[in-house]
Amino acid sequence: MTSGFEEMWAELLPVGRSASSGGYRRFAWNSADAECRAWFEQQARDRGLAYELDRNGNQWAWLGDPHGQGAIVTGSHLDSVPDGGAFDGPLGVVSSFAALDELRDRGAEFGRPLAIVNFGDEEGARFGVACIGSRLSAGVLSQEAAYELRDADGVRLPDAMERAGYDPTAIGADDDRLSRIGAFVELHVEQGRYLTEERPVGVASAIWPHGRWRFDFHGEANHAGTTRIEDRRDPMLTYANTVLAARKKAKQAGALATFGKVAVEPNGTNAIASLVRGWLDSRAADERTLTALVAEIEQAAAERGGRDGVRVELTRESYTPVVDFDGPLRDRLAKLLDAPVLPTGAGHDAGILASAVPTAMLFVRNPTGVSHSPAEHAERADCLAGVSALADVLEDLACQ
Ligand code: GLV
Ligand code: MN
Ligand code: MN
Ligand code: MN
């Protein structure tokens, strides 16, 4: 098992990694994503698993009948954020194959179909909405809405899919498939410092509600050297003040607000910007706090915009309500593994599937808590403990 994990890890490690930063750029339907997908298919075939691509571009590897009832499914995603780490996503997929190998070594006899899944476009790095593959399958993102999504170069999602050799015409809810799943368990690297004590593996209780909002700050382009301060309508100023307000208000609310992406037009050093577009990612422990926080940030932006002569427009690009994972399943896993139970502020495909399928998550300890960064790390011993824990869980769920 250990060598299988090492071998798979070593194969994936160079795919889509930037030589300068060491971070990953595996975005939906780009060439690194294609390499990851080819790797997944090969892993399935090497193990004699039935390989399947669903209508939304998610990949499945089946042991047993793909059309059987009550399947136990595990897996995660292989795409990354811009300059992401090696573990967020791939740890869950590699651990799934390694856990299956371990169960076969144990001579496990499965009473239900077992599947490993690679959900497409979990991070939403290219088209702005996270968990596109699982959202489409669960019917929380419609084909119509998906067809409207564009990347930074204006390429539409269906065109990107088609260029990568996939048929976008069938995308949409996959109720039949989801109704055949008895349970979904996603293993994931923990993304904060909440598992640093003696236990290397934890069980998720909940995911904080979270969403993405786009603020468009419309000002007036003008000359940097000749426009008097009092004559300016500078959207950069409104944007900067909104970032400061977001941080202050999030801190007051015990919540989180992040502007991690910004686009400026015309983006010239010696021109006042005409438009600043800033994307807010905000999360809180409950939906009321989150809604109130975003409203306060919007109000702060509008007030400042009024003073700056800048018009502010707000668009909600995606939203995920609070996720409480299936109670009996969570308790069963925590008891089986004698593991701590903890919530997370990070979004996952498991959070999307939880609306349709009994779902649970395992977290593997992250010693620094750093994630969405090339510095993301998990100790190898903890990763292997995660594989064994996942094997125990799959055995408990599928071998009855
Ligand atoms: C996904 O990793 C997210 O929480 O943004
Ligand atoms: Mn992530
Ligand atoms: Mn992830
Ligand atoms: Mn000039």
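Predicted model: local features only at pLDDT ≥ 70, side-chain atom pairs only at ≥ 80, totals over all residues.
Residues are numbered from 1 along each chain as its sequence is written, and chains are lettered from A and ligands numbered from 1 in the order in which they are written.

So, where does R212 sit? It is in strand β7, residues 210-218. Strands here are DSSP runs of E with at least two residues, helices are runs of H or I with at least four, and both are numbered from the N terminus. Leaving out residues up to four places away in sequence, R212 touches G128, W279, D281, E317 and S318. Contact means that two C-beta atoms, placed from the backbone, lie within 7 Å.

Now to the record. UniProt, in an unreviewed entry, gives the feature "binding site" at R212, N270 and R283. These three are spread over 72 residues of sequence and are spread in space too, up to 36.0 Å between C-alpha atoms. A word on that source: UniProt positions are in the numbering used here, feature names are shortened, and annotations may be inferred rather than shown by experiment.

N270 is exposed, with 7 other C-beta atoms within 10 Å, and its place is the loop between β9 (256-265) and β10 (271-272). Beyond its neighbours within four places in sequence, N270 is in contact with A224 and G225. The loop between β9 and β10 also holds P266, and the peptide bond from E265 to P266 is cis, with omega near 0 degrees.

Let me move to another set. UniProt also lists D88, E123 and H372 for "binding site", again from an unreviewed entry. How far apart are their C-alpha atoms? No two are more than 9.9 Å apart, although the residues span 285 positions in sequence, so they gather at one spot.

Taking D88 in turn, it lies in the loop between β3 (71-77) and α3 (90-105), and D88 is buried, with 26 other C-beta atoms within 10 Å. Setting aside residues up to four places away in sequence, D88 touches S80, V189, S371, H372 and E376. H372 is in the loop between β15 (359-364) and α12 (380-398) and is partly exposed, with 18 other C-beta atoms within 10 Å.

E123 comes back when we look at ligand 1, which is surrounded by E123, A130, A346 and G347. A residue counts as near a molecule if its C-beta atom, placed from the backbone, lies within 6 Å of it. That shell divides into 2 nonpolar, 1 polar and 1 charged. For the classes, Ala, Val, Leu, Ile, Met, Phe, Trp, Tyr, Cys and Pro are nonpolar, Asp, Glu, Lys and Arg are charged, and the others, Gly among them, are polar.

For those of you who like backbone angles, there are two residues to look at. Most residues other than glycine have a negative phi, and most peptide bonds are trans. D121 has a positive phi of about 50 degrees although it is not a glycine, and for C131 phi is near 60 degrees, also positive. D121 lies in the loop between β4 (114-119) and α4 (132-138), and C131 is in the loop between β4 and α4 as well. D121 is buried, with 30 other C-beta atoms within 10 Å, and C131 counts as buried with 27.

Last, the overall layout. The domain assignment gives domain 1 (2-208 + 322-398) and domain 2 (210-320); such bounds come from an automatic or database assignment. Their centres, taken over C-alpha atoms, are separated by 33 Å. The contact takes 8 residues from domain 1 and 11 residues from domain 2. What is the side of domain 1 that touches domain 2 made of, by class? It has 4 nonpolar, 4 polar and no charged residues.

Conventions. Buried ≥ 20, exposed ≤ 12 C-beta atoms within 10 Å, placed from the backbone.
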